[in-house]
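Visitor: Please show me the sequence and the structure, and then guide me through the features that can be computed from the atoms.

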Amino acid sequence: MKRTGTGRVLATLFLGVMVGIYIHFSELRTIGHGRELYLAAQNHRFDRLVQHHSGVSMAVAGIILAAVAVGLYELIAAGITNVLPPSSAEE
């Protein structure tokens with residue numbers, strides 16, 4: 001299957017919009033809870049990070065997350081390429 005640049009660009013834009021929407025609503029939810037709850041949650045997160053932080057586990061988690069992100073990107077790009085009609089340059 002031949003993937004076009006258009007499918008890749010649209011997949012990148014789609015993933016960017018989805019991540020942006022998620023971050024926006026996550027921040028709105030955090031703002032709604034107030035400053036004290038936010039600071040308490042950050043203190044708890046810091047305490048957890050200090051207790052269980054391992055370089056090897058973070059590297060493995062980063063590799064797995066990168067593989068999942070690239071796989072998702074390729075699936076979306078392939079889906080968009082299949083949906084779009086072929087351009088005249090490809091025929």
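Guide: A residue is called buried under 20% relative accessible area, exposed over 50%, and partly exposed in between (1.4 Å probe, protein chains only). This is a predicted model, in which local features need pLDDT of at least 70, side-chain atom pairs count only at pLDDT 80 or more, and totals for chains, interfaces and linings use all residues. Residues are numbered from 1 along each chain as its sequence is written, and side-chain values use heavy atoms, with hydrogens and water left out.

Visitor: Which side chain meets R8 in a salt bridge?

Guide: A salt bridge requires a side-chain nitrogen of Lys or Arg within 4 Å of a carboxyl oxygen of Asp or Glu. By this rule the count is one salt bridge. With an N to O distance of 3.1 Å, the partner of R8 is E74.

Visitor: Why does this pair tie together parts that are apart in sequence, and how many residues apart are they?

Guide: Helices are DSSP runs (H or I, at least four residues), numbered from the N terminus. Since E74 belongs to helix α3 (residues 55-83) and R8 to helix α1, the pair ties together parts whose separation in sequence is 66 residues.
R8 is partly exposed because its relative accessible area is 29%. For E74, which is also partly exposed, the relative accessible area is 23%.

Visitor: Is I31 buried or exposed?

Guide: I31 has its place in helix α1, which covers residues 5-33. Together with F14, V17, M18, I21, F25 and L28, I31 forms a nonpolar patch on the surface, with about 680 Å² of accessible area together. Such a patch is made of residues with over 30% relative accessible area and no salt bridge, nonpolar side chains (Val, Leu, Ile, Met, Phe, Trp, Tyr) being joined within 5 Å and like charges within 9 Å. Because its relative accessibility is 64%, I31 counts as exposed.

Visitor: What distance in space separates T6 and A77, C-alpha to C-alpha?

Guide: T6 is placed in helix α1 and counts as partly exposed, at 46% relative accessibility. T6 and A77 are 71 residues apart in sequence, and their C-alpha to C-alpha distance is 8.7 Å.

Visitor: What separation is found between the C-alpha atoms of G5 and L72?

Guide: G5 is found in helix α1 and is partly exposed, with a relative accessible area of 48%. Along the chain G5 and L72 are 67 residues apart, and their C-alpha atoms are separated by 17 Å.

Definitions and conventions. Accessible areas come from the Shrake-Rupley method with a 1.4 Å probe; for residues, only the protein chains shown count as cover. Helices (H or I, at least four residues) and strands (E, at least two) are DSSP runs, numbered from the N terminus.
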